[in-house]
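Subject: Structure handover

Hello,

Here is the structure I promised. My notes on the fold and the charged pairs follow below it.

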Amino acid sequence: MTKTLTRAELSEIIYSEVGISKTESAEIVDQFFEEIILDLVDGKSVKLTSFGTFLVKHKGERIGRNPKTKEEAVIESRRVTVFRASKELKRRVNNE
């Protein structure tokens, strides 16, 4: 079974490794993600060296189909977030 790393667990790791208070470590984690979110909302990409890049892409309007009813429907244009892993992250995940 795959284990998921949560914000709380990440905060706990920072607390135990760095030695700052639990409140401060939680604030650091929250602020880190908030900065990423704000840049993505503004349409900017976020590159974390040796980890990867978060991008915002625009998907145009298209015709989709309801799989149950087979009825066609218009899917509105929208922005989507994409993550591209760095070569270093891919290498480490694959134990190379």
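Read along the sequence, the pattern is α-α-β-β-β-β-β-α. That makes three helices and five strands. Helices (H or I, at least four residues) and strands (E, at least two) are DSSP runs, numbered from the N terminus.

Before the details: this is a predicted model, where local features need pLDDT of at least 70, side-chain atom pairs count only at pLDDT 80 or more, and totals for chains, interfaces and linings use all residues. Residues are numbered from 1 along each chain as its sequence is written, and side-chain values use heavy atoms, with hydrogens and water left out.

Overall shape

Along the principal axes, the C-alpha atoms fill a box of roughly 55 × 35 × 30 Å. Of the 96 residues, 12% count as buried. Buried means under 20% relative accessible area, exposed over 50%, and partly exposed in between (1.4 Å probe, protein chains only). The accessible surface comes to about 8000 Å², and 54% of that belongs to carbon and sulfur atoms. These areas come from the Shrake-Rupley method with a 1.4 Å probe; for residues, only the protein chains shown count as cover. Among contacts (heavy atoms within 4.5 Å) between residues at least 6 apart in sequence, 31% join residues at least 24 apart.

Sheet and hairpin

Three strands form an open sheet in the order β1-β2-β5, with antiparallel pairing. Its edge strands are β1 (46-48) and β5 (78-85), each pairing on one side only. Neighbouring strands are turned by 25 degrees against each other on average, direction ignored. Helix α2 (residues 22-41) packs on this sheet and touches β1, β2 and β5. The direction of α2 makes about 140 degrees with that of β1. Axes are lines fitted to C-alpha atoms, for helices over the stretch in contact; angles run from 0 to 180 degrees between N-to-C directions.

Three bridges join β1 to β2 (residues 52-59). Val46 has Phe54 in β2 as its bridge partner. Strands count as paired if DSSP finds at least two bridges between them.

β3 (residues 62-65) and β4 (residues 72-75) also pair antiparallel, over four bridges. Ile63 has Val74 in β4 as its bridge partner. The two strands form a hairpin with six residues between them. Lys70 in the turn has a positive phi of about 65 degrees.

Salt bridges

Side chains of opposite charge can pair when their charged atoms come close. The cut-off here is a side-chain nitrogen of Lys or Arg within 4 Å of a carboxyl oxygen of Asp or Glu. The count comes to six salt bridges.

- Glu9 and Lys3: closest N and O atoms 2.7 Å apart. Glu9 is partly exposed at 28%, whereas Lys3 is exposed at 64%.
- Asp30 and Arg7: closest N and O atoms 3.0 Å apart. The pair links helix α2 to helix α1 (residues 7-18), 23 residues apart. Asp30 is partly exposed at 39%, and Arg7 is partly exposed at 43%.
- Glu12 and Lys22: closest N and O atoms 3.8 Å apart. Glu12 sits in α1 and Lys22 in α2, 10 residues apart.

Best wishes
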